[in-house]
Amino acid sequence: MHTTEVPIGYDVLAVNAELARSNRRNLEKHGITAFNIMGAIGSGKTLLIEKTIELLGKSCRIGAIAGDVVARIDAARFEKYGIPVIGLNTGKECHLDAHLVEHGLFELPLDSLDILFIENVGNLICPSDYELGEHKRVVVVSVSEGDDIVEKHPVIFSTADLIIVNKIDIADAVNADADKMVKDAHIINPRIDVLKLSLKTGEGFDDWIDFVKKSIKKKD
Ligand SMILES: Nc1nc2c(ncn2[C@@H]2O[C@H](COP(=O)(O)OP(=O)(O)OP(=O)(O)O)[C@@H](O)[C@H]2O)c(=O)[nH]1
Ligand SMILES: [Mg+2]
């Protein structure tokens, strides 16, 4: 096979990492804790954030960035709670990057926020390499993707702070073993927190809220 060396002027991931550090400094200047909510398409990312806004929206000032390939469907779901929301379209890209998020931060009222939820594009591969400036990396998968989904995508789980195994209410119906998914996550990343959750019945939701509360940075 013929190969050609292509000189590349700069390292895209290194540039992204520098921008992510700058985003984090900006967030910290404003006392904001940011969560990068990653995960498979349809795993429950938007519903997780919606239910969290419903529970914590009165005691914390929450903002959201909704990353979507096109349109503002998830952004509109957050807007109905009357919180500040930015919709970011990635076009053909399968992940958000720190540069896009930097633009989102320009448009958000950072002085009036305590928590920022960033919903990444539904994908278990691309978002793993691109830090955004978040404080916590959360990966949501659901039992309906098959109980081998965790072992098939080790990279994203190895860099996460929390894995949520969602839709446990339908585990039997889709013949999935949620405990196997938890075990697989701990094999990949022994230090990781793993929660089994049903956003439909509310089982496990208190554990998620505890995680959010423990992650919130104290303001000076
Ligand atoms: N049975 C059941 N359904 C759920 C649960 N969580 C989410 N869903 C449903 O799963 C579907 C997808 O949920 P979303 O929150 O839109 O998923 P998402 O990850 O944001 O999807 P994308 O943004 O398209 O990647 C919706 O129909 C939800 O009602 C759950 O715990 N149990
Ligand atoms: Mg969504």
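This is a predicted model: local features need pLDDT of at least 70, side-chain atom pairs count only at pLDDT 80 or more; totals for chains, interfaces and linings use all residues.
Colleague: Among contacts between residues at least 6 apart in sequence, what percentage join residues at least 24 apart?
Modeller: Of the 220 residues, 43% count as buried. For the contacts between residues at least 6 apart in sequence, the share joining residues at least 24 apart is 73%.

Colleague: Which residues have the most contacts inside the largest nonpolar core?
Modeller: That core has 61 residues. I118, for one, touches A34, F35, N36 and I37, among others, not counting residues up to four places away in sequence. Its list also includes I65, L96, V101 and L132. The residues with the most contacts inside the core are I118 and V165.

Colleague: How many residues of strand β1 are buried, and which way do they point?
Modeller: T33, F35, I37 and G39 point one way from β1, while A34, N36 and M38 point the other way. In a regular strand the side chains alternate between the two faces of the sheet. Both groups are buried, and the count for β1 (residues 33–39) is 7 of its 7 residues.

Colleague: Which strands pair with β1 in the parallel sense?
Modeller: One partner spans residues 115–119, with 5 bridges to β1, and there I115 is the bridge partner of T33. The other spans residues 136–142, also over 5 bridges, and R137 there stands opposite N36. The strands are β4 and β5.

Colleague: Which of the 17 residues around ligand 1 come nearest?
Modeller: The shell around ligand 1 divides into 4 nonpolar, 8 polar and 5 charged residues. Those that come nearest are G44, K45, T46, L47 and G122.

Colleague: Which element gives the largest share of the shell around ligand 1?
Modeller: The shell holds 17 residues. The largest share is 3 residues, from an element covering residues 45–56. That element is helix α2.

Methods. Residues are numbered from 1 along each chain as its sequence is written. Chains are lettered from A and ligands numbered from 1 in the order in which they are written. A nonpolar core is a set of buried Ala, Val, Leu, Ile, Met, Phe, Trp, Tyr and Cys residues joined through C-beta atoms within 7 Å. A residue is buried if 20 or more other C-beta atoms lie within 10 Å of its own, exposed if 12 or fewer, and partly exposed in between; C-beta atoms are placed from the backbone. Two residues are in contact if their C-beta atoms, placed from the backbone, lie within 7 Å. A residue is near a molecule or strand if its C-beta atom, placed from the backbone, lies within 6 Å of it. Helices (H or I, at least four residues) and strands (E, at least two) are DSSP runs, numbered from the N terminus. Ala, Val, Leu, Ile, Met, Phe, Trp, Tyr, Cys and Pro count as nonpolar, Asp, Glu, Lys and Arg as charged, and the others, Gly among them, as polar. Two strands pair if DSSP finds at least two bridges between them.
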